[in-house]
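Student: Could you walk me through this structure with a few questions? I would like to learn how to read it step by step.

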Amino acid sequence: MTSAETGYNFAYLDEDSKRLIRRALLKAVAVPGYQVPFAGREMPMPYGWGTGGIQVTAALIGPDDVLKVIDQGSDDTTNAVSIRAFFSKTAGVATTTVTGEASIIQTRHRIPERPLKPGQIMVYQVPIPEPLRWLEPGETETRVLHALGEYGLMYVKLYEDISRHGRIATSYDYPVEVFGRYIMSPSPIPRFDNPKLDRSPALHLFGAGREKRIYAVPPYSPVRSLDFEDYPFAVQRWPEVCAICGASDSYLDEVVLDDGGRRLFVCSDSDYCAGRAGKGSPPQ
Amino acid sequence: MYVAVKGGAKAIEAAHRLMAKRRRGNPELPGISLDQIREQLGLAVDRVMAEGSLYSPELAALAVKQARGDLVEAIFLLRAARATFPRFGYCLPVDTGTMRVERRISATWKDLPGGQLLGPTFDYTHRLLDYSLMEEKEPAGRDGPAEIKGPGMKSPEMKRPKALKALLGEGLMEAEEDDGREPGDITRQPVDFPVDRAGRLQNLARSDEGFTLALAYSTQRGFGSVHPFVAELRQGTLSVEFTPEELGFPVTLGEIDLTECETVNQFKGGGGQPPTFTRGYGLAFGHNERKALAMAIVDRALRAEELGEEIKGPAQNQEFVFSHSDNVEAAGFVSHIKLPHYVDFQAELSMLRQMRKAANDDQR
Amino acid sequence: MTRPILSARGVDKYYGGRVGCRGVSFDLYPGEILGLVGESGSGKTTLLNVLAGRLSPSGGRVLYRGPDGSEHDLQQLSEAGRRRLLRTELGFVHQRAGDGLRPLVSAGANIGERLMAGGWRRYGRIRSEAADWLARVEIPADRLDDRPADYSGGMRQRLQIARNLVTRPRLVFMDEPTGGLDVSVQARLLDLIRHLAARLDLAVVLVTHDLAVARLLSQRLMVMKSGQVVESGLTDQVLDDPQHPYSQLLVSAMLQV
């Protein structure tokens with residue numbers, strides 16, 4: 001199925017590469033939270049700009065899919081625009097900005113505010129898939145630690161946070177335990193989004209292109225954010241509400257208005273904000 | 001107030017138009033042709049082919065042109081194209097001993113079968129800017145530089161046996177035998193550490209020249225001990241053969257230029273083994289001497305574990321080398337921090353505010 | 001009758017054709033401190049690493065007997081089992097404290113790591129246990145949140161010991177624990193090791209080239225030369241009346257200093 005316009009195969013990748021990625025995806029779903037190595041391809045975007053997520057989406061997407069792409073929660077950030085345009089061009093699929101209408105949502109750094117539904121697939125772009133990497137730089141050793149479930153090291157990091165800052169100071173890419181077994185990086189989503197992974201009805205797929213790893217959280221999997229009994233996991237809250245839609249339950253971006261330090265807060269999820277404000281798109 | 005994240009599509013479009021304009025430069029000057037790039041910026045084309053892992057002077061020249069001379073960008077363009085090309089199969093292994101050499105030197109033997117052949121090299125040029133090249137364009141025409149005659153040039157077709165064969169016969173050089181195993185393909189199979197030598201060589205062959213050069217240099221300065229002699233450096237032309245399934249016999253696909261470097265290194269024997277020399281190996285598309293030499297040194301450094309040597313430098317650490325040598329990966333990841341990180345930064349900002357508030361409350 | 005906590009039977013270790021150690025057999029009993037002495041290159045550190053399961057022997061067996069009397073061959077154990085033993089019932093004190101510590105995390109986290117690996121999930125308890133051990137190795141309580149990188153050499157070594165002892169191991173391997181420290185710092189550390197070993201009923205295999213250290217700490221000695229044990233016996237016996245010419249040489253060298 002070659003697109004006449006681009007001269008490339010449907011959704012860019014050749015079918016052999018897609019099969020290879022789907023095999024890795026199946027394994028990832030079978031072993032939740034386990035990082036499956038795969039022979040990632042060079043994509044026409046730079047590594048670090050979402051090539052892992054793009055390969056996962058390319059391997060999954062069919063002509064009937066409806067694709068939503070967000071970066072920082074918004075459909076209109078430059079990289080989200082660029083990736084959405086890539087799939088419109090190479091696969092000709094329908095795209096949407098409405099969370100509820102999408103069958104595949106590729107994301108960088110956020111999970112949408114609207115609860116996901118059964119049948120939806122979240123595809124995450126992952127820069128560093130290894131949650132132990134900052135503590136143990138060697139891949140050989142971290143793979144052994146995962147295989148043996150030796151996670152004392154991960155708690156050393158949390159301990160250190162508390163003794164230094166009085167709290168667990170990891171604000172994004174906050175490590176989670178999936179199905180009581182593997183410790184996993186949820187990608188750099190704010191910890192605010194971590195609870196959305198727990199027993200989510202959607203399928204969550206994570207692609208790390210440069211590091212060549214794929215992992216998954218299947219629907220309804222228990223996902224626990226690591227913590228101590230006496231320092232339980234908690235999400236960040238704002239004293240402010242969204243200046244556009246008034247939401248008090250969403251993740252807020254801070255917008256600096258002038259040099260005098262005036263600022264206001266707006267929803268990071270542009271679709272959620274627009275929906276609440278009752279308009280097709282957020283006001284300019 | 002929402003301007004910061006709106007209008008992404010328009011901005012991207014405008015950026016593309018600006019880039020196209022910049023690429024063309026002053027439109028009053030003639031555009032540069034792919035032929036000119038291939039013929040007159042040949043070493044740039046060679047580097048792009050080597051690190052782009054695709055032997056195609058034409059596409060490499062196109063990439064250099066499109067990337068406005070940014071070679072790392074050109075390498076990326078070629079790689080991305082390569083990833084989509086269908087594969088018919090693997091060519092037969094080339095025997096570099098049958099190379100029609102244009103240049104062939106040995107630093108270990110004054111003379112050797114086949115002789116030394118200096119060939120085209122920057123080595124003995126004085127690095128003085130040649131102001132005569134600033135003069136008007138060199139005119140095109142049939143009269144190129146005269147045929148060059150010199151010692152060794154009389155029989156460029158002459159086969160020159162590999163220099164290291166001399167040592168092999170005496171048993172002074174470690175033997176490298178084909179164990180018949182099919183080598184892996186790092187672009188098709190996931191990499192699992194430790195990576196065998198075939199995989200490491202594939203990685204080094206496409207590794208960034210600057211990175212590889214710096215690693216090789218670091219071993220010479222004591223961060224890992226490699227004491228190399230250049231046994232042979234050869235550069236020239238070879239035929240590539242392929243056996244189509246339906247034919248069952250090899251056919252020649254064409255000719256490619258290669259640069260190959262083999263180093264001899266000291267190795268104290270042990271475990272009842274008499275001492276032998278060991279070797280490092282480097283190979284690059286085109287004329288790519290600096291790369292082939294650096295690759296041979298790093299290949300040898302990476303054999304530290306296999307040879308029971310103390311690991312004391314980054315060049316000997318295969319995870320370090322393998323994971324950081326690829327400039328498409330490195331340039332991508334370093335540049336990705338230009339992407340918006342509003343969300344993560346916001347998370348850090350509010351965490352910091354909370355912590356400072358808590359600290360202030362404590363003081364009170 | 002007590003049974004040995006560690007038994008070596010005909011342990012060999014070759015590096016290619018070179019001998020690391022050869023034909024070593026002995027029994028170590030709970031609460032006993034065994035010194036391995038010899039000049040550098042005599043094979044004592046190789047033997048220590050084989051005994052601790054950090055190197056696999058070329059021949060022979062090393063058996064560790066657990067508190068319930070079960071025997072474990074460290075080489076036969078699964079990787080998971082071996083690692084579990086190494087961070088619970090066994091300990092290893094490196095000559096360079098840096099090799100046994102995480103230099104960039106606090107002393108508290110260094111001590112607490114074994115506990116957290118063992119499933120401790122209450123920060124307050126981990127911290128108070130770490131503070132308790134800091135006191136036991138005579139480090140002031142206000143250094144709990146400092147990093148080993150900010151400690152003096154002697155303190156770092158005491159911290160490494162605390163990090164090992166926090167899970168109450170029964171057997172600790174020590175590789176020149178006082179090497180490279182000032183004489184006055186050494187004396188204090190030796191005193192500490194002696195008291196802790198006695199109070200916790202620790203069995204210790206101690207590698208040292210310093211016969212004075214061996215005399216102070218160990219009840220029994222094995223003298224090694226060229227990878228083999230040339231003499232073994234009670235420490236006083238070996239040092240006061242050495243039988244093997246090499247032991248005599250070692251002892252006389254010490255007396256001249």
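Student: Which residues touch the most other members of the largest nonpolar core?

Tutor: A nonpolar core is a set of buried Ala, Val, Leu, Ile, Met, Phe, Trp, Tyr and Cys residues joined through C-beta atoms within 7 Å. Buried means that 20 or more other C-beta atoms lie within 10 Å of a residue's own, with 12 or fewer counting as exposed, anything in between as partly exposed, and C-beta atoms placed from the backbone. The largest core here has 193 residues, and those touching the most other members are Val48(B), Val298(B), Leu36(C) and Leu51(C).

Student: Before we go on, what kind of model is this, and how are its parts numbered?

Tutor: Residues are numbered from 1 along each chain as its sequence is written, while chains are lettered from A and ligands numbered from 1 in the order in which they are written. Local features need pLDDT of at least 70, side-chain atom pairs count only at pLDDT 80 or more, and totals for chains, interfaces and linings use all residues, since this is a predicted model.

Student: Which residues does Leu51(C) touch?

Tutor: Two residues are in contact if their C-beta atoms, placed from the backbone, lie within 7 Å. Leaving out residues up to four places away in sequence, Leu51(C) touches Leu6(C), Ala8(C), Val62(C), Phe173(C) and Val205(C).

Student: In S4(B), which residue is the bridge partner of Leu258(B)?

Tutor: Strand S3 of chain B covers residues 251-265 and runs antiparallel to S4(B), with eight bridges joining them. Across in S4(B), the bridge partner of Leu258(B) is Phe285(B).

Student: Which residue in the turn between S9(C) and S10(C) has a positive phi?

Tutor: S9 (residues 220-225) and S10 (residues 228-234) of chain C pair in the antiparallel sense over six bridges. Together they form a hairpin with two residues between them, and the one with a positive phi of about 50° is Ser226(C).

Student: Which helix gives the most to the side of chain B that touches chain A?

Tutor: Chain B brings 41 residues to this contact and chain A brings 46 residues. Helices H1 (8-24), H5 (71-84), H11 (327-335) and H12 (342-363) of chain B each supply at least two residues of that side. With eleven residues, the helix giving the most is H12(B).

Conventions:
Two strands pair if DSSP finds at least two bridges between them. Helices (H or I, at least four residues) and strands (E, at least two) are DSSP runs, numbered from the N terminus.
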